[in-house]
Amino acid sequence: MSKLLRFKCPNCGKVQDVQGDGPCWKCHTMVTLPPDGVIQIYRMSSCGGIGRSMEIFLNGIRLGILKYDDTIRIPVPYGHYSVLMKFLDHKLSKYKGVGLEFDVTPYNRIVYLKAARVIPGYGTNTTILEPATAEEMRPL
Ligand SMILES: [Zn+2]
């Protein structure tokens, strides 16, 4: 769906999806995206859990939301990353989350992750976040 790249403006902090390098659409700072690697996260539509958006945290920094059956791509420099997906529980009172850690290196430049909410029973929502392959990604 989206070939856009998600980033957080280092100047004003606005999270946005862009085609590539360019001005932040809020504060107009010129932003150069990291060219090293990409973290691609697909929220699967094959499981239950339509509804609320997941919130994405990369190394503790909130990077907006991931909608149902949507994909985001986050350009990053090489390094160690933790991704945490959170959503509000059915009472909308607190966050539940699940995390995953990995390295982005010259030999592992594109990291594919798949996320889903599984609902085995009312009130027992679970989020899953797993490594994936390119084939498991929804076509962009
Ligand atoms: Zn900005």
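Contact here means heavy atoms within 4.5 Å, and with that in mind the reader can follow Leu58, which touches Ile39, Leu63, Ile74, Val76, Tyr81, Ser82 and Val83 when residues up to four places away in sequence are not counted. The structure is a predicted model, in which local features need pLDDT of at least 70 and side-chain atom pairs count only at pLDDT 80 or more, while totals for chains, interfaces and linings use all residues. Residues are numbered from 1 along each chain as its sequence is written, and side-chain values use heavy atoms, with hydrogens and water left out.

Leu58 is found in strand β6, where strands (E, at least two residues) and helices (H or I, at least four) are DSSP runs numbered from the N terminus. With a relative accessibility of 10%, Leu58 counts as buried, a word that stands for under 20% relative accessible area, whereas exposed stands for over 50% and partly exposed for what lies in between (1.4 Å probe, protein chains only). Leu58 and Leu84 are 26 residues apart in sequence, yet their C-alpha atoms are 6.5 Å apart in space.

In soluble globular proteins, nonpolar side chains tend to be buried together. A nonpolar core is a set of buried Ala, Val, Leu, Ile, Met, Phe, Trp, Tyr and Cys residues joined through side-chain atoms within 4.5 Å, and the largest one in this model has 20 residues, with Ile39, Ile41, Val83, Met85 and Leu113 having the most contacts inside it. At least two residues of this core come from each of β5 (37-43), β6 (54-58), β7 (61-66), β8 (71-76), β9 (79-88), β10 (95-104) and β11 (110-118). Apart from this core lies another, of seven residues, including Leu5, Cys9, Val18 and Val31.

Cys9 is buried, with a relative accessible area of 3%, whereas Cys12 is partly exposed at 31% and Cys27 is partly exposed at 25%.
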